[in-house]
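Biologist: Hello! Could you walk me through this model, one question at a time?
Modeller: Gladly, here it is.
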Protein chains: 2
Amino acid sequence: MMKLKAYEELNPPNVLLLGGGPSNIDPRVMAVLSSPIVGHLDPYFLEIMDDTIELLRYTFKTNNNITLPISGTGSAGMQTAISNIVEGGDEVVVLVNGYFGERIKDMVYRCGGKPIVIAADWGKTIKKEAFEEVLENSNAQVVALVHTETSTGVLQPLRDIVRIAHLHDSLLIVDAVTSLGGCELDVDALGIDVCFSASQKCLSCPPGLAPITVSERAMAKIRNRKTKVQSWYFDLSLIEEYWVNRNRVYHHTAPISLIYAIRESLRFLYGEGLEKRWLTHKRNSLALIRGVEALGLKMNAEEGYRAPSINAISIPDEINDENIRKSLRENFNISISAGLGVLKGKIWRVGLMGVNSSERNVLLFLEAFERVLNKEGYPSKPNQGVSAAMDVFKSF
Amino acid sequence: MMKLKAYEELNPPNVLLLGGGPSNIDPRVMAVLSSPIVGHLDPYFLEIMDDTIELLRYTFKTNNNITLPISGTGSAGMQTAISNIVEGGDEVVVLVNGYFGERIKDMVYRCGGKPIVIAADWGKTIKKEAFEEVLENSNAQVVALVHTETSTGVLQPLRDIVRIAHLHDSLLIVDAVTSLGGCELDVDALGIDVCFSASQKCLSCPPGLAPITVSERAMAKIRNRKTKVQSWYFDLSLIEEYWVNRNRVYHHTAPISLIYAIRESLRFLYGEGLEKRWLTHKRNSLALIRGVEALGLKMNAEEGYRAPSINAISIPDEINDENIRKSLRENFNISISAGLGVLKGKIWRVGLMGVNSSERNVLLFLEAFERVLNKEGYPSKPNQGVSAAMDVFKSF
């Protein structure tokens, strides 16, 4: 029955993960992964949960009571948001300008909702005028969109969208998977109702947790549902009883080691300051972009709408997508991501997330990128990418 | 807005986790948690996924193609099983003799199914005659039950149940959360259709993964669903595309570090031999039971129906439940679990799971247990528990 073989010792390559995520784990976070675990209702763990909640509130910039990590990966955060908010028959306006917007639409549909899609090309933002018109002509009480589209590198401006959604008395769900901790995001000031993220992007933790925050207004919709949330595992009213309420009713066994990790990551983020982290991501992204442009290449997203955590570079017609990625991985141990969906073969995605967003990594990437491009016959003067990046660093 | 405080370094107590789970992590598994992560589609990780699948097939004793770890805790395994198999209107016979049977019932109901409950007292097994009668008088094509009820210490015999279910052309879903790797379980020989477990029990990994295996017969029901699985995150047809099929279509970012951990745990289990592990669990459980009985206490489950991984001890009337658990934790750094639901205050639950199922832990527990019982006024001759356990060890 079984393939009889000697399974080898684990020996993963030490790759610099500059793709769409996961990002490399902060070494200080790595250290706590091997701390002894305690029970999921142990008094010590309850304190760790409290710290995690407070630190997540700081990172989301919110006072929301329901602010906690869901025990699953980033898509589990999306699933939790949609499964709890959407009931059969609900119209939901979904902004789709990339792969993850499509995923939201699929989830809405599966939950019995009626997705009303406002689409834009993959690489463009959704304009407020289009949004306003659709919202006015629908009965939608829920709007869902992606803040930082990992598939396109686009940063969707939120201010007008939230304002218009609230004018129409709609709840706003925001996918901040590739934003949280790396891109400017103020949940309470903007008035976002549900916001979720992931541990393995700008928080430099292992994948496996999806931080989420839910406003009282959104919780009111959840508490007034006509039907129970179909997913017992993602039912926020049950999760609240375990994570937030003082009686701590057992729901499921939290992934203790991963909670240790995210608390440690957030503890360092808090010590350093959230706004400083945002600035670091912005500065390093800009340096990378100027470097790429100095090499004669173009970005996929328009200036002013580029996510500082994920940089999408348009692939010149004459260059082979896969050869460049392979060469970066084989010669420099650097991993970047291919395009997804309609952008497959059209863009490379270079992530600068969390601890990976560093001057060092920008310079290393540009140096390596120039060399592999040259090897593929793309002309460039040596060092021009790095020089352009250095100018940005000096000016900040 | 924020509570300004200095968050302390993580410093969890090193507790011996002899409760209902999580169990302590195998130190060899702990070591790989801090290995560098790679991308979820990296060629190295795809090999690790393949190894994990093969090793899980070995551990479940199955050839099922769909055998993989779900990216969530044990209850996510249950959710995946129920969400995929049950469609609106389906009658589902649920065997309920403890807390986790109740949970299955709730999940069936939420998925639009009609649970038909066969109940037994918490501590008793479900008899085949009762099962046969209910199944004959229903249109149920699905049966769900718990193999090892963590809440009662009962091991439900499976052979007759599976036989009868198949005679009635019903699919059988088995919760093996506290069985896999510790209790005799042969998925293919028995003919179980869907079986799920958890990483943090007899596999001595951190919580966060739910191994699951699904027969072709069960997959046929899933593939012929009239409606899509409501949960995108737990949709086995999508997960299959990422985990099992050779094209490896991106679904979600697997929790890389936890997959490293479960592969390492399974690698050692495979090297040592599954049947040897079963015997170890049986022997240590029996020694613990004889020791407890020598102290004059009784087990909650009947002889012959006791789970070797979780030992439920009835609390004598004159003894205070909480004092004993507190005293074990404070004086011996040992954590055991309280009863759940109707058994709260009535039983203690002592887990001997995975690496924690050892002669050393049996002796340590009995020694400590005798002392804390004595302190609470319960009479016993010194060393009688340990002596009885030693007799078992010698006889095996």
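Modeller: Let us begin with a definition: two strands pair if DSSP finds at least two bridges between them. Helices (H or I, at least four residues) and strands (E, at least two) are DSSP runs, numbered from the N terminus. Residues are numbered from 1 along each chain as its sequence is written, and chains are lettered from A and ligands numbered from 1 in the order in which they are written. The model is predicted: local features need pLDDT of at least 70, side-chain atom pairs count only at pLDDT 80 or more, and totals for chains, interfaces and linings use all residues.

Biologist: Which are the edge strands of chain B?
Modeller: The open sheet of chain B has 7 strands with mixed pairing, in the order 2-10-9-8-5-3-4. An edge strand pairs on one side only, and here these are strand 2 (66-70) and strand 4 (114-119) of chain B.

Biologist: What angle does the direction of helix 2 of chain B make with that of strand 2 of chain B?
Modeller: Helix 2 (residues 43-60) of chain B packs on the sheet, touching strand 2, strand 9 and strand 10 of chain B. Contact asks that C-beta atoms, placed from the backbone, lie within 7 Å. Axes are lines fitted to C-alpha atoms, for helices over the stretch in contact, and angles run from 0 to 180 degrees between N-to-C directions. For helix 2 and strand 2 of chain B, the angle is about 105°.

Biologist: Which helix of chain A gives the largest share of the side that touches chain B?
Modeller: In total, 65 residues of chain A are in contact with 65 residues of chain B. Elements giving two or more residues to the chain A side include helix 1 (27-33) and helix 3 (74-85) of chain A. The largest share, 8 residues, comes from helix 10 of chain A.

Note on methods. Contact = placed C-beta atoms within 7 Å.
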